[in-house]
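Dear colleague,

Please find the structure below, handed over for your use. A summary of the findings follows it.

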Amino acid sequence: MSTSVHHAPPPVPTEPHILDNAAWAALSGPHAGLAERVGRAARYPTDISPFSALEDPADPRAWADLAALVGPGTATPVSGALEVPDGWTIERGGDGVQLIATTLYAEPAPEAERLGPADVPEILDLVALTEPGPFLPRTIELGSYLGIRDRGRLIALAGERLRPPGWTEISAVCTHPDHRGRGLATRLVRAVAAGIRERGDTPFLHAAASNTHAIRLYESIGFTLRRRTRFLLVRPPDGQPEAPQEEEAGQPEETA
């Protein structure tokens with residue numbers, strides 16, 4: 001009698017998804033022209049977005065580059081990192097979710113208007129009231145923003161933020177408290193998504209894990225949970241560390 005043992009083939013390594021490190025993919029891709037970068041770390045100008053990103057959050061060299069980029073002791077938010085190197089401090093942490101549009105019906109909203117730099121003061125007022133996430137004086141440069149007005153007053157907003165290749169994040173979705181329950185946010189999300197799909201990208205978005213109301217709304221209109229995320233506000237050491245040396249690479253290059 002002979003027996004044969006069939007061993008299971010070794011697992012095929014799974015390639016990281018571009019949305020696993022969406023901020024880096026955007027800053028090193030479609031938003032590279034906006035990026036401030038040192039080696040393996042990049043960030044948006046601080047009047048556009050507070051976010052910074054690491055090419056590989058597990059690489060200590062990327063953290064050294066980030067410390068050189070933001071400056072000693074300067075706090076900065078990063079995503080995709082669960083821990084920090086020695087000497088760094090975690091100021092705050094937060095859990096989020098990442099959702100992608102799978103069955104979302106996208107269509108223009110005839111009542112929505114394209115917003116521009118002249119509308120920023122009104123946008124900042126609405127964002128301060130509703131707190132959908134960070135919006136700064138130049139955030140509007142990241143993409144298309146649409147708004148709905150009532151008797152000339154801006155009452156609802158949605159727009160585009162991160163742009164990894166092939167994807168665009170919908171962000172700053174908010175409605176004035178006096179006008180909620182009318183489906184304005186949904187109409188704007190569908191309208192922003194229509195513009196995203198028109199250029200061949202797929203919409204996605206982020207939400208705080210605690211914002212269950214918003215998550216249920218997004219799922220009800222065709223978004224699907226892709227993964228849970230973690231955001232950290234981190235502070236580098238007070239003294240700037242020396243970047244590790246490499247034989248095959250020169251000093252980190254800073255680009256504007």
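**Two loop residues**

Arg 151 lies in the loop that links strand 7 and strand 8; helices (H or I, at least four residues) and strands (E, at least two) are DSSP runs, numbered from the N terminus. The model is a predicted one, in which local features need pLDDT of at least 70 and side-chain atom pairs count only at pLDDT 80 or more, while totals for chains, interfaces and linings use all residues. Residues are numbered from 1 along each chain as its sequence is written, and side-chain values use heavy atoms, with hydrogens and water left out.

Although Arg 151 is not a glycine, its phi is positive, at about 50 degrees. Arg 151 is exposed, with a relative accessible area of 82%, where exposed means over 50%, buried under 20% and partly exposed in between (1.4 Å probe, protein chains only). Glu 131, in the loop between helix 3 and strand 7, is likewise not a glycine and has a positive phi of about 55 degrees. Glu 131 is exposed, with a relative accessible area of 68%. As background, most residues other than glycine have a negative phi.

An open sheet of 8 strands has mixed pairing and the order 4-11-5-10-9-8-7-6; two strands pair if DSSP finds at least two bridges between them. Strand 4 (76–79) and strand 6 (113–114) are the edge strands, each pairing on one side only. Helix 3 (residues 120–130) packs on the sheet and touches strand 7 (145–150), strand 8 (153–160) and strand 9 (167–175), contact being heavy atoms within 4.5 Å. The direction of helix 3 makes about 90 degrees with that of strand 8; axes are lines fitted to C-alpha atoms, for helices over the stretch in contact, and angles run from 0 to 180 degrees between N-to-C directions.

Strand 5 (residues 89–101) runs antiparallel to strand 11 (residues 223–235), joined to it by 12 bridges. Strand 5 also pairs with strand 10 (residues 202–208) in the antiparallel sense, over 5 bridges. Ile 100 has Thr 224 as its bridge partner in strand 11 and stands opposite Phe 204 in strand 10.

**The nonpolar cores**

A nonpolar core is a set of buried Ala, Val, Leu, Ile, Met, Phe, Trp, Tyr and Cys residues joined through side-chain atoms within 4.5 Å. The largest has 28 residues, and Ile 148, Ile 170 and Phe 223 are among those with the most contacts inside it. Helix 4 contributes the largest share of this core, 8 residues. A second, separate core of 16 residues includes Leu 27, Ala 35, Tyr 44 and Leu 142.

Yours sincerely
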